[in-house]
Amino acid sequence: MTPGDYLFTTCFLLLSQPAPGGRGAELVVPAHVYAVLGEGERRATLECEMLGFSPVPAGHDWQILWEREGHPFSLITNYIGNVYNHNALTHKYEFRNTSEGSGQCSMHINNFTRADQGNYSVTVQYQQQITRHTFLHVVDPAPPESCSISSDVGDSQGSVAEGSPGGITLTCTIAGAFPFAQAAWIQTAAAQPRREIDAGWRRFTRTRVPPDNAAAAAAASNRFQLTIAPVTRADAGRYTCEASNSKGSVACTYTLHVQSAPEVRFRVDKGSSHVGVGDTVRLECEDTAQAHPVPTLLIKRDGWSVNMESAVQHHVATLISPVRREDAGLYWCVGSNPVAETNQSVTLNVQYVRCWLDLGPLAGARKDSGGGGG
């Protein structure tokens, strides 16, 4: 391939339909083909695919005719694997047939120019006649113009439930790139460094999809998809689609939130739930899972919430100072969000020393001594 040899084929199934006569044969062509101008030798290729012809045509049983806006190039009888030149002097047009009942045929336009842009058609004649049309766009090289990412599930905040069996599919749409762009997916997760997603990642599938209609093809949209299935909370983070061609690059980002249940941890700052009267103790309730949506955290005793000394996302605490005997009891750390509610308990044991003075015989002696003095 030379620097100017660029070809883009899109919407390959757009014009597919059964052939007449109920034989199940199909002739499939791209709705739009893009050829990019550049220096050096250039070649544009118009392709067709023949499916389901039965019985298999042989020898001179069938013919292929290429036309441009109603003007035929050549009438070609099928000879398997040969190349046919319409203009033997300049080799401007070449025709190749490689079909044996189901296969491909093509027309190559060598050293194409802007004048070659236009509507082309191909007709296959074999027991019945099938004609399909394609449009050749001759365009200048251009960098990607824009980039956007959408998802097939989740809310407007990019949120999907953990463990969702269908997973999530992100679609990156690139517009205006000639030659068509190549794209890479980059993940930036909380617990991982920035890294490119490659074919070896389990649960991650990358695909390139053709435009789904003629308008999208005419706008030269490139679409790349990333499917994650099933989704785990470790997948939360930023996903960047980086698209580039020989003329430039563009990038866009999607933030994925994974809906998950809180996982709470309840602890006493002293490391022990045994405290003494007059001590100071701090009870801390934490969502260790960093769940999404952010859970509501409460510290409760006897079903009632206690006053919080501090409260930030995923962490709350209450301070008991000084500790009294009546502070002993069962305390709960409760975390809840729309996904689930979880809790953990701590029993606070308050130790104290009970003192009493037993006067015993001493008290009686004092009484006797006092009576004798009277």
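User: Hi! Before we look at any side chains, what does buried mean here?
Analyst: Hello! Buried means under 20% relative accessible area. Keep in mind that this is a predicted model.

User: Thanks. Are Phe-178 and Phe-180 buried or exposed?
Analyst: Phe-178 and Phe-180 are both buried.

User: And how many aromatic pairs are there?
Analyst: The count is four, taking rings whose centres lie within 6.5 Å. Among them, Phe-178 and Phe-180 make a tilted pair, with 6.1 Å from centre to centre and 35° between the planes.

User: Nice. What about Trp-201 and Phe-204, what's their geometry?
Analyst: Trp-201 and Phe-204 pair edge-to-face, at 5.1 Å centre to centre with 90° between the planes. Trp-201 is buried, and Phe-204 is too.

User: Switching topic: where is Arg-238?
Analyst: Arg-238 lies in strand β19, which covers residues 237-245.

User: Which residues does Arg-238 touch, leaving aside neighbours within four places in sequence?
Analyst: Arg-238 is in contact with Ile-186, Gln-187 and Thr-188, and also with Thr-253, Tyr-254 and Thr-255.

User: How far apart are Arg-238 and Ile-186 in sequence and in space?
Analyst: Arg-238 and Ile-186 are separated by 52 residues in sequence, while their C-alpha atoms are 8.1 Å apart in space.

How values were computed. Residues numbered from 1 in each chain as written. Predicted model: local features only at pLDDT ≥ 70, side-chain atom pairs only at ≥ 80, totals over all residues. Heavy atoms only, no water. Phe/Tyr/Trp six-rings, centres within 6.5 Å; stacked < 30°, edge-to-face > 60°. Buried < 20%, exposed > 50% of the residue type's maximum accessible area, 1.4 Å probe, protein only. Helix = DSSP H or I, 4+ residues; strand = E, 2+ residues; numbered from the N terminus. Contact = heavy atoms within 4.5 Å.
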